[in-house]
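Have a look at the fold before reading on.

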Amino acid sequence: MKINIPNSSSEILLKDYVKYKAFINSNKEITDKQANRKAVEIFCGLTHKEVGQIPHKDYQDIVNLLVFALSDEPKELIRTYKGLGFIPNLDDISAAEYADIDDLWDEDETNIVEVMNVLYRPIKRKILDEYEIEDYTDKIHDDIYNLPLSVVKSSLGFFLTLRESLLDITLRYSQQATQATQPTSN
């Protein structure tokens, strides 16, 4: 049996990652053994029966490769991928876009497709490295499901780091404003 094993997050599609996370999130009492078997099944495109036929030594190697691929972190933001573009200028992000990302994001990544739909949209025009993306709507573009996990991780890492920085700045500003409005004691 020939098995295609993803070697990095760039070889794992968002649609498969979503299937895997849905399985993990819907089975809170899942064991590592069950999670690993489901990972091999989904990310290698095998049936449950085919996974059971893999020699144990090879199975452990496959699981180790998948763990590595899933933990692979991109070094920088991947701005464009096959006709989709990341929001070109985050200074121009709309209140609706930001609110939707903030409302949709959760640690168990239940709404990861919807978050990616806000961050990546079809490119309308491109000149050299500059591009313009379609206006934001909550309609999911089919191409979102075919984003590699490396693109997903690069954008989420970038946006969540930016989000934390903005929250920190807002907190410090609020504290300074509160101190400035308090009467001084003589």
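What share of the 186 residues in the chain is buried? Buried residues make up 32% of them. Keep in mind as you read that this is a predicted model.

**The overall layout**

The chain is built from seven helices and four strands. Read from the N terminus, the elements go α-α-α-α-β-β-α-α-β-β-α. If you take the contacts between residues at least 6 apart in sequence, 69% of them join residues at least 24 apart. As for the surface, the chain exposes about 11,800 Å², and carbon and sulfur atoms supply 51% of that area.

**Where two helices cross**

Now turn to helix α2 (residues 32-43) and helix α4 (residues 56-71). Their axes come within 10 Å and cross at roughly 80°. Angles of 65 to 115 degrees count as roughly perpendicular, and α2 and α4 are therefore roughly perpendicular to each other. On the α2 side, the contact is made by K33, N36, R37, A39, V40 and F43. Helix α4 brings Y59, I62, V63, L66 and L70 to it. Sorted by class, the contact of α2 with α4 has eight nonpolar residues, one polar residue and two charged ones.

Next, pick out S154 and K75. S154 sits in helix α7 (residues 149-181), while K75 is in the loop between α4 and β1. Here is how the two stand on accessibility:

| Residue | Relative accessible area | Class |
|---|---|---|
| S154 | 6% | buried |
| K75 | 80% | exposed |

Why does S154 count as buried? The cut-off for buried is under 20% relative accessible area, and S154 has a relative accessibility of 6%, so S154 falls in that class. K75, at 80%, is exposed, because the cut-off for exposed is over 50%.

What does S154 touch, leaving aside its neighbours within four places in sequence? The list is P74, E76, L77, I78 and Y120. For I78 there's a polar detail too: its backbone nitrogen lies 3.0 Å from a polar atom of the S154 side chain.

K75 and S150 are 75 residues apart along the chain, yet their C-alpha atoms are separated by 9.5 Å.

Technical notes: Residues numbered from 1 in each chain as written. Predicted model: local features only at pLDDT ≥ 70, side-chain atom pairs only at ≥ 80, totals over all residues. Heavy atoms only, no water. Axes fitted to C-alpha atoms, helices over the stretch in contact; angles between N-to-C directions. Parallel < 35°, antiparallel > 145°, perpendicular 65-115°, else oblique. Contact = heavy atoms within 4.5 Å. Nonpolar A, V, L, I, M, F, W, Y, C, P; charged D, E, K, R; others polar. Buried < 20%, exposed > 50% of the residue type's maximum accessible area, 1.4 Å probe, protein only. Areas by Shrake-Rupley, 256 points an atom, 1.4 Å probe, with all protein chains shown as cover. Polar contact = N/O pair within 3.5 Å; in protein donor to acceptor, adjacent residues only side chain to side chain.
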